[in-house]
Amino acid sequence: IQIGILTLAIITIIKPLIAYWQLITFIMLSTISVEIGRKMLAKEDDTTEDTFSRQLGYKGSALTLSLFAIATTLAAYYFVQQHAQNYLYIIAPALVVGLVLNSAYRYAVDPSRTNAKYIKYAAGLLLIGNTLSIILGA
């Protein structure tokens, strides 16, 4: 909730051109992506029932994170394209979604502690990269 409120405040102050329902959609997609990435644990650490990796399986949680990452990045593309001043700001979300997809694939193949950490960091970078892309490019 704190990430969503902070992102909404930053984007609203800097870019009031984007409608609130679009901002809320973007923030929800971003927050869900971060939470899925945060709750994907390694096979040896996955002992509780409240993780996505336990509920959806390792491949299912990686696929779910990938879909939310693509949806978040497409929303960022939409905002940048709507008020485009420079298409250079599309590069960062493309690189970060590639990182998320690569990390999700590696996690689906081998859910080790290292890959679980990579996916956490990649999901956080997804939020930061897409938000900065919207702030600077829209």
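I take helices (H or I, at least four residues) and strands (E, at least two) as DSSP runs, numbered from the N terminus. On that basis the protein chain runs α-α-α-α-α-α from the N terminus on, which comes to 6 helices and 0 strands.

Housekeeping: this is a predicted model, where local features need pLDDT of at least 70 and side-chain atom pairs count only at pLDDT 80 or more, while totals for chains, interfaces and linings use all residues. Residues are numbered from 1 along each chain as its sequence is written, and side-chain values use heavy atoms, with hydrogens and water left out.

Next I looked up Ser33, which sits in helix α2 (residues 20–38). Ser33 counts as buried because its relative accessibility is 0%; buried means under 20% relative accessible area, with a 1.4 Å probe and protein chains only. A polar atom of its side chain lies 2.9 Å from the backbone oxygen of Leu29. Beyond its neighbours within four places in sequence, Ser33 is in contact (heavy atoms within 4.5 Å) with Leu65, Phe68, Ala69, Thr72, Ala123 and Leu126.

Then I checked how α2 packs with helix α6 (residues 113–137): their axes, lines fitted to C-alpha atoms over the stretch in contact with angles running from 0 to 180 degrees between N-to-C directions, come within 7 Å and cross at roughly 165°. That makes the pair roughly antiparallel, the label for angles over 145 degrees. On the α2 side the contact includes Ser33, Phe26 and Val34, and on the α6 side Ala123, Leu126 and Ile134 are among the residues.

Note on methods
Buried means under 20% relative accessible area, exposed over 50%, partly exposed in between (1.4 Å probe, protein chains only). A polar contact is a pair of N or O atoms within 3.5 Å; within protein, one must be able to donate a hydrogen and the other to accept it, and residues adjacent in sequence count only if both atoms are side-chain atoms. Angles under 35 degrees count as roughly parallel, over 145 as roughly antiparallel, 65 to 115 as roughly perpendicular and the rest as oblique.
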